[in-house]
Amino acid sequence: MFNAIRTYPAPESLAEARAYDGDDVYTALRNIFFDKCYICETNDPHDINVEHFFAHEGSADLKYNWNNLYFACSRCNNIKSNAFNEIIDCCDSAQDAFRSVKLLPPMSPRGKRVIITATNDHPRTIKTTELLTKVFNSDHTVNKKISSEFLRARVFKQYNLLLDQIDSYFDPIATPDDKERSIERMKILIQRSMPYSAFIRWCILEDDVLAPLLAEYMD
Ligand SMILES: [Zn+2]
């Protein structure tokens with residue numbers, strides 16, 4: 001996951017308390033979350049929902065509250081439903097959405113799972129880990145099994161972009177310029193706005209040479 005900065009004031013349409021998913025809400029959320037699902041980090045998702053962080057369950061206050069609205073793909077919204085209210089709030093700068101849950105990519109495009117590990121024992125971290133496990137490794141229904149395979153393949157594809165740069169950096173005949181270019185490209189891949197940034201960042205943190213060079217760019 002990644003941290004995001006919510007902008008204010010709230011979109012005007014929410015004041016009318018008739019719809020929580022007006023065009024202005026979509027546009028504002030899209031900008032805040034870099035056009036990515038805040039749960040799975042898929043960018044430019046085909047089917048996007050305005051997601052209620054705390055399930056509103058009829059409460060008008062929760063339903064139209066700007067601070068309760070998030071940008072999620074319909075698959076993550078469906079998995080989260082009202083079962084995962086107490087997860088890490090990526091819009092709270094006091095909560096480190098990226099470092100709280102370690103994510104490592106699948107071993108191959110058809111790898112059966114990604115590795116998901118809580119890095120602290122706070123209940124919301126544990127709950128987030130459970131949610132992400134369902135999102136990325138789910139096989140509890142045929143539909144979810146197929147869609148999680150598809151999702152893991154996308155993560156692997158992004159991981160491959162990183163591997164290309166790592167390979168270039170450690171090439172025995174790489175020049176200082178070659179290395180510099182690889183580092184600059186890795187800096188792009190670890191940006192919060194990039195798809196699956198948490199996976200990419202954790203791969204770099206696992207590398208003793210690259211971590212000291214790039215950790216400071218993981219905001
Ligand atoms: Zn998603």
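Me: What makes the largest nonpolar core here a "nonpolar core"?

Reply: A nonpolar core is a set of buried Ala, Val, Leu, Ile, Met, Phe, Trp, Tyr and Cys residues joined through C-beta atoms within 7 Å. The largest such set has 53 residues, and Met1, Tyr38, Phe199 and Ile200 have the most contacts inside it. Helix H8 (residues 197–205) gives the most to this core, six residues. Helices are DSSP runs of H or I with at least four residues, and strands are runs of E with at least two, numbered from the N terminus. By the way, this is a predicted model: local features need pLDDT of at least 70, side-chain atom pairs count only at pLDDT 80 or more, and totals for chains, interfaces and linings use all residues. Residue numbers start from 1 along each chain as its sequence is written.

Me: How do you know what Tyr38 touches?

Reply: Two residues are in contact if their C-beta atoms, placed from the backbone, lie within 7 Å. Leaving out residues up to four places away in sequence, Tyr38 touches Met1, Ala4, Phe33, Tyr70, Phe71, Ala72 and Cys90.

Me: Arg75 sits in helix H3. Is Arg75 buried or exposed, and why?

Reply: Just count the neighbours! Buried takes 20 or more other C-beta atoms within 10 Å of the residue's own, exposed is 12 or fewer, and partly exposed is in between (C-beta atoms are placed from the backbone). Arg75 has 24 C-beta neighbours inside 10 Å, so Arg75 counts as buried.

Me: What span is expected for helix H5 (residues 123–137), and what does H5 reach?

Reply: The expected span is 1.5 Å times one less than the number of residues. H5 has 15 residues, for which 21 Å is expected, and H5 reaches 21 Å from its first C-alpha to its last. Among the buried residues of H5 are Thr125, Leu131 and Phe136. Their cover includes helix H3 (74–80) and helix H6 (142–169).

Me: Why are H6 and H7 called roughly antiparallel?

Reply: Their axes come within 8 Å and cross at roughly 160 degrees. Axes are lines fitted to C-alpha atoms, for helices over the stretch in contact, and angles run from 0 to 180 degrees between N-to-C directions. Under 35 degrees counts as roughly parallel, over 145 as roughly antiparallel, 65 to 115 as roughly perpendicular and the rest as oblique. H6 and H7 are therefore roughly antiparallel.

Me: And what makes H6 oblique to H8?

Reply: H6 and H8 pack at about 45 degrees, with axes 10 Å apart. That angle makes H6 oblique to H8. Among the residues making the contact are Tyr159 of H6 and Phe199 of H8.
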